[in-house]
Amino acid sequence: MSELSSAPRHIHLSGICGTAMASLAGLLKLQGHRITGSDKAAYPPMSDLLRELGIQVMEPYAEANLDPRPDLVVIGNALSRGNPEVERVLDERIPFTSMAALLHDEFLRGREPLVVAGTHGKTTTTSMLAWVFQTAAGAQTAAGAQTAAPENAALEPSFLIGGVAENFGSSFQLKPTRTFIVEGDEYDTAFFDKGPKFLHYFPDAAILTHIEFDHADIYADLEAVKTAFKRLVNLVPRRGRIVAYDGCENVTECVAHALCKVERYGFSNAAGWRIANFRHEDGLSRWEVWREGEFWSGFEMRLAGEHNALNATAAAALAAGQGIAKEAIQEALATFKSVKRRLEVRAEIGGITIIDDFAHHPTAIRETLRALRSIYPQSRLWVVLEPRSNTLRRKVLAGELVESLRLADHAVLAGVYQQQRIPEGERLHPEDVARALRESGAKAEVLADADAIVDSIAPRLAAGDVVAILSNGGFDGIYRKLPARLTELHVTA
C-alpha cells in the first residue's frame with residue numbers, strides 16, 4: 001500500500017460527482033481519510049450516494065472550496081486550466097493527482113486487478129462479475145450491508161464500478177482480499193495526463209466487451225481508439241488472461257498480439273464460450289453456454305437483451321477462469337438485479353411506464369431499444385433523447401443514430417447539451433436527425449428542453465405506452481418532471 005494510507009489525511013476531490021470519483025471518495029473514506037468534494041452540478045445517482053456517505057458536495061467550483069488547505073487534491077478529468085480550484089492548486093503547489101493514479105497507488109497495488117473494458121457494457125459486466133464473486137463467497141448483501149458471515153471470505157471482492165450496482169446498493173466495496181474488480185474507462189485521465197484511465201490499472205486479467213469509435217472529443221478516429229485498447233492488452237502479463245467478444249473485428253485486431261491466453265465469447269460457432277438458444281420469456285432471459293464445443297451450463301437472469309446475455313457470459317467466463325464454481329455463477333446471474341440508470345423503471349403512472357437508461361452511443365441506444373421491444377412487445381415505444389455525451393453531441397455518428405432511433409415508434413430529441421462548446425462544423429443537428437427519421441416513415445420531433453418535452457408529450461401518452469428517457473446526465477430533471485406531470489393529468493382526468 002502507498003504512503004498515503006499510513007495516516008488519515010484531508011483529501012479533496014474536485015469533480016466528485018463523476019461516477020468513478022464518487023466511488024473513489026467512498027473507498028478513501030473507508031480508509032479513514034477526511035473527504036471533501038466539489039462539482040459544478042450534482043445529480044443522482046452519485047449525489048444520492050455521496051449524501052449517504054455523509055460527504056457534502058460544494059457547488060460551484062471555487063478557490064474557497066480548498067479551505068482549509070487539503071493534504072491532497074484529486075482533479076477530475078472534466079476540469080482544465082481556468083478552473084478556480086485547478087488554478088489555486090497550481091499557484092500554491094498543493095499536492096495533486098488523478099483518480100486513476102490514486103486508485104492504483106492506494107488500492108490496486110499488491111492486489112489482483114480484474115479489469116472490464118470496452119465501448120459498451122462495461123458497467124453492467126463489472127457489476128455482474130463483482131456479484132459473482134460476492135455470491136461465491138457466500139456473503140449476501142442488502143443495500144451494501146453484509147448480513148451473514150461469508151463462508152469463503154477470501155473470494156469477497158473489492159470493486160469500483162462506474163454506476164450503482166443494485167445488488168450492493170453501492171458503486172464500490174473494499175475488502176482485505178486480493179481480488180479487486182474495476183471498470184476500465186478508456187476516457188482520458190486528467191488535464192495533465194491525457195492517456196486513458198485504464199492504463200493505470202495493470203490488469204492481471206481483463207474482459208474486452210466491444211470496441212467502436214466513441215469519445216469524439218478526445219479520439220481523432222477509430223484507429224486512435226484501437227491504439228488505446230492495444231496498449232491495455234499489452235499490459236496483461238503472460239500468466240494473465242483476456243476474455244474478448246468475438247463478434248467485433250476491432251476487438252479481434254486489438255487482442256491479436258496478446259502474450260497471454262485469450263478466450264473468445266459470443267454467438268458465433270467459433271466462440272470458445274458460445275451463447276446458444278437465447279430467448280426472453282416469462283420475464284426472464286434464458287440461454288445456454290457451450291465451452292469449446294461442449295455444453296457447459298444453462299443460465300437465466302432478469303435482465304433483457306442479447307447484449308446483457310453477452311455481458312453475463314463474459315463475466316461467467318472470467319470468473320470460471322479465476323476458479324469460481326459454475327453453481328455460484330448460475331446463482332449470481334439468477335439473482336443479479338441491475339445497475340442504476342440501465343433500463344431502470346423510474347415510474348408507472350396510469351399504465352404508462354417511464355424508463356431511464358444511460359445510453360450514450362448509437363449502438364447502446366439500439367441495444368436498449370431492442371431490449372425494451374422484447375420486454376414490452378405490445379407497447380408503443382417512445383424514446384426521449386438528450387444528445388449529451390461527447391459523441392452524441394457531434395454529427396460523426398448521425399447516420400447510425402438515425403438507424404438506432406428507427407426502432408422506436410416515436411422519437412423526441414432535445415437540443416444538444418451545451419451546444420456552444422461544439423464547433424458548428426462538428427455539431428449534431430437534431431433537426432436533421434428528426435427529418436431523416438420522418439423521411440424513412442418514422443415519427444420524430446425536436447423539442448428544445450425538458451420542460452418543452454414534458455409539456456408536449458405528457459398529454460399524448462396513453463396507457464400501455466413505454467417512454468425510454470436516454471441521457472448520460474441529469475437532463476434538467478425530466479425524470480422527476482414527467483412523472484409529476486402525468487400524475488397531475490391522471491388526478492384531474
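Is the crossing of α1 and α4 left-handed or right-handed? The crossing is left-handed, a term for a near helix turned anticlockwise from the far one by less than a right angle, with right-handed used if clockwise. The model is predicted, so local features need pLDDT of at least 70 and side-chain atom pairs count only at pLDDT 80 or more, while totals for chains, interfaces and linings use all residues. Residues are numbered from 1 along each chain as its sequence is written, and side-chain values use heavy atoms, with hydrogens and water left out.

Helix α1 spans residues 19–30 and helix α4 residues 99–108. Helices (H or I, at least four residues) and strands (E, at least two) are DSSP runs, numbered from the N terminus. The axes of α1 and α4 come within 11 Å and cross at roughly 30 degrees. That makes α1 roughly parallel to α4. Axes are lines fitted to C-alpha atoms, for helices over the stretch in contact, and angles run from 0 to 180 degrees between N-to-C directions. Angles under 35 degrees count as roughly parallel, over 145 as roughly antiparallel, 65 to 115 as roughly perpendicular and the rest as oblique.

From α1, the residues A20, M21, L24, L27 and L28 meet M99, L102, L103 and F107 of α4 (contact means heavy atoms within 4.5 Å). The residues of this contact comprise 9 nonpolar, no polar and no charged. Ala, Val, Leu, Ile, Met, Phe, Trp, Tyr, Cys and Pro count as nonpolar, Asp, Glu, Lys and Arg as charged, and the others, Gly among them, as polar.

The whole structure holds 36 salt bridges (a side-chain nitrogen of Lys or Arg within 4 Å of a carboxyl oxygen of Asp or Glu). R109 pairs with D105 at 3.1 Å, N to O. R109 is partly exposed at 39% relative accessible area, and D105 is partly exposed at 26%. Buried means under 20% relative accessible area, exposed over 50%, partly exposed in between (1.4 Å probe, protein chains only).

A salt bridge also joins K122 and E186 at 3.4 Å, N to O. K122 lies in helix α5 (residues 122–137) and E186 in the loop between β11 (179–184) and β12 (188–190), so the pair ties together parts 64 residues apart in sequence. Both K122 and E186 are buried. D67, R69, R88 and E92 form a network of salt bridges.

A442 sits in the loop between α12 (430–439) and β24 (443–446). At 19% relative accessibility, A442 counts as buried.
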